Amino acid sequence: MAVVEVRQGNSPVILGFPHTGSDVPAAIWDRLNNNGRILADADWHIHQLYDGLLPEVTVVRATFHRYVIDANRDPEGVSLYPGQNTTGLIPETDFDGKPIWKDGEAPTEADIAERLRSFHAPYHAALAAEIERVKAIHGVVVLYDCHSIRSRIPFLFEGKLPDLNIGTDMGKTCAPDIEKATAEIAAAAEGYSSILNGRFKGGWTTRHYGRPETGVHAIQMELAQSTHLAAEEPPFALDATRSALLRKPLGAILNRIETIAFDLKTLTGSEA
């Protein structure tokens, strides 16, 4: 299977989708237990949710499920949130802390090395290549990393998650105007709650690529799945009405980010 899908555009904005994939190779599938085979922790359907919101946007999407390997984790296995419950490079449990592998079938160090080589590295090679390509066109690029998660997961966080969770690693990964505009549009979106750098401050992808001083900006949006799914349980179906409503503020955010990117391009004197 192709482990990454790329759709090239000429916008300065790139959409990253590390967790919407559901592909699991047969040899790995055979090692998952019944709980693991639910594949519960995908970012269900958000590549469809964002589709068409910004003309000429570039899309980079992993096709493999995060239980194969998590494309939004440090390849060295360093925790994004030290001291807090989370899942690792290859998760041993689901987001509820329940085992996902059959007894004796948890991934080994050799498995991790092979999956880094076969899945994690190709995804990030494709993403890095698109960042370089878009930056060569505009002199500036904004990686908008797209995520979703169940709104209530006691193993990971208390209470109910806000609807729109913006992460910039406390402002380190993008220009202030990008962070400010995204937060303002999210806060003004009627019927939705939002937070900046709350429980989710930006994953490894955002923190790794976001280097505003080099013209590469990154920002993460973690959506509560209650905003766009019919139910936050199998079969995790997309709700057409909820999705149509949510696409409005998301589209406004992406278009505003693109405008800011063009402004940054002008300020730096870059030419297409």
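**View 1. The second largest cavity has a volume of about 30 Å³.** The model is predicted: local features need pLDDT of at least 70, side-chain atom pairs count only at pLDDT 80 or more, and totals for chains, interfaces and linings use all residues. Residues are numbered from 1 along each chain as its sequence is written, and side-chain values use heavy atoms, without hydrogens and water. A cavity is a set of points, on a 1 Å grid over the protein atoms alone, where a 1.4 Å probe fits but cannot get out; lining residues have an atom within 4 Å of a point. Volume is the space filled by probe spheres set on the points, which are joined across faces, edges and corners. The lining is formed by Ala40, Asp41, Ala42, Asp43, Phe95, Ser148, Ile149, Arg150 and Gln225.

**View 2. The largest cavity holds about 200 Å³ of space.** Of its 18 lining residues, Arg66, Asn72, Arg73, Phe200 and Glu222 are the closest to the centre. E4 and E7 are the elements that give two or more residues to this lining; strands such as these are DSSP runs of E with at least two residues, helices are runs of H or I with at least four, and both are numbered from the N terminus.

**View 3. The largest nonpolar core has 34 residues.** Such a core is a set of buried (under 20% relative accessible area, 1.4 Å probe, protein chains only) Ala, Val, Leu, Ile, Met, Phe, Trp, Tyr and Cys residues joined through side-chain atoms within 4.5 Å. Leu15, Tyr50, Tyr144, Ile178 and Leu223 have the most contacts (heavy atoms within 4.5 Å) inside this core. Helix H6 (240-268) is one of the elements that supply at least two residues, and H6 gives the most, eight.

Methods:
Buried < 20%, exposed > 50% of the residue type's maximum accessible area, 1.4 Å probe, protein only. 1 Å grid on protein atoms, 1.4 Å probe; cavity = no way out; pocket = protein on both sides within 12 Å on 5 of 7 lines; lining within 4 Å.
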